[in-house]
Amino acid sequence: MIKVQADRLIPLVQQIFSRAGCHAPEDAQIARRLVESNLVGHDSHGVIRVAYYIDWLKKDMVRANQKVQTVFETDTLAVLDGQRGFGQSVGEQALDIAIAKAKKSALSVLVLRNTAHLGRIGDWPQMACEAGLCSLFFVNTSGFGLLVAPWGGIDRRLSANPVAAGVPVRNGTDIIYDISTSSIAEGKLKVAFNKGVDVPPGCIIDHDGNPTNDPKTFYGKPPGAILPFGGYKGYGLGIIAEMFAGALTGSGCSDPAAPHLINGLFALLIDPERIPNDIGFGHEVERFITFVKQSRKATPDSEVLMPGEIEARTKKQRLADGIELDDITWKSLCDCAQSLGVAVSI
Ligand SMILES: NC(=O)c1ccc[n+]([C@@H]2O[C@H](COP(=O)([O-])OP(=O)(O)OC[C@H]3O[C@@H](n4cnc5c(N)ncnc54)[C@H](O)[C@@H]3O)[C@@H](O)[C@H]2O)c1
């Protein structure tokens, strides 16, 4: 285990992507967003991804320095093609376009297809919140890396299909809801696998559908599957993510024939200030948060948190104390740096 400060980790990751062919600002965008995932506590979407991204770049599964292409647009709709570019870069470009439209027309719909891994989806509602917008996101994956069994089945048929939403809060932490519709994100299985620890019960099954807590079984031959969260309810939400982010965007629903990992993204952005509202949106959000938090506690040391609060706290703590990386993740990062001639001095 090694502890690294974010301001030392970002330049290292940036240099790796720069050396691999990503020009500014893309190298910095990838580095900042991957390290941000570690900072907010989602190590599964942090620098553990660097070696995979570099491998995909070498295999032309992701392309450096892409600009989103507009397929079709109206004042309120942007249908964009990510050109198989890095999600951290084309995602930001796409959000910039959708935010500008929502600011102008009170709302916008973003339909983004053909984009490589978009990372931690919570980044995107956070970006919308920073522009004062409420947002809702559905994301799916092409099917390269099917993970999740359908409710009632045991074979991998869906991806982890994240659903995210953001609500700006005037005098507090923005509400950022960001979940995968699987009972555990695959990246978290990877982290557990690297650490050699079990995952919580009820998350994964082996190839024959038997429950297991061992991530090695999930990655075994033949492989297991992840269960949807919340039984048939989470399964249903995963299906809706496929419909909006896969079928509606033209990115395609999960299909084992897919040659690359592609994320499809559907987003709805709304400017709350443009909706006539007698009670006042910002005031009502704050009143409700206070009301919810005044609930009696389930146990003496439990706490009622809003979605997004735990990430904001973890970020504050990790900015101060540093980010802990397991030995396998750190070695993969160092190997990657070395293979590209980047010196590691942390
Ligand atoms: N790009 C992709 O294809 C892809 C696919 C799957 C997942 N992901 C990402 O993986 C990450 C992890 O997903 P996950 O499902 O493991 O997340 P998770 O189970 O950790 O849930 C995170 C959500 O739950 C909230 N939360 C956590 N503890 C809470 C508490 N005590 N009280 C109230 N709210 C609480 C968080 O604020 C956050 O909104 C996400 O960032 C997701 O976007 C990305």
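Strand S7 gives the largest share of the shell around the ligand, five residues. This is a predicted model: local features need pLDDT of at least 70, side-chain atom pairs count only at pLDDT 80 or more, and totals for chains, interfaces and linings use all residues. Residues are numbered from 1 along each chain as its sequence is written, and side-chain values use heavy atoms, without hydrogens and water.

**Ligand shell**
- The ligand is surrounded by 22 residues, each with a heavy atom within 4 Å of it.
- The closest are Asp178, Ser180, Lys188, Gly308 and Glu311.
- Strand S7 (175-180) and helix H10 each supply at least two shell residues.
- Helices (H or I, at least four residues) and strands (E, at least two) are DSSP runs, numbered from the N terminus.

**Polar contacts** (N or O pairs within 3.5 Å)
- An oxygen atom of the ligand sits 2.5 Å from a side-chain N or O atom of Asp178.
- A polar backbone atom of Ile121 is 2.9 Å from a ligand oxygen atom.
- For Glu311, a polar side-chain atom lies 2.7 Å from an oxygen atom of the ligand.
- The ligand alone exposes 870 Å², and the protein buries 78% of that (Shrake-Rupley method, 1.4 Å probe).

**Helix H10**
- H10 covers residues 309-321.
- Its buried residues are Glu309, Glu311, Thr314 and Arg318 (under 20% relative accessible area, 1.4 Å probe, protein chains only).
- These residues pack against helix H2 (26-39), helix H9 (281-293) and strand S12 (323-325), with contact meaning heavy atoms within 4.5 Å.
- Gly322 follows H10, with a positive phi near 100°.

Note on methods. The expected span of a helix is 1.5 Å times one less than its number of residues. Buried means under 20% relative accessible area, exposed over 50%, partly exposed in between (1.4 Å probe, protein chains only). A polar contact is a pair of N or O atoms within 3.5 Å; within protein, one must be able to donate a hydrogen and the other to accept it, and residues adjacent in sequence count only if both atoms are side-chain atoms.
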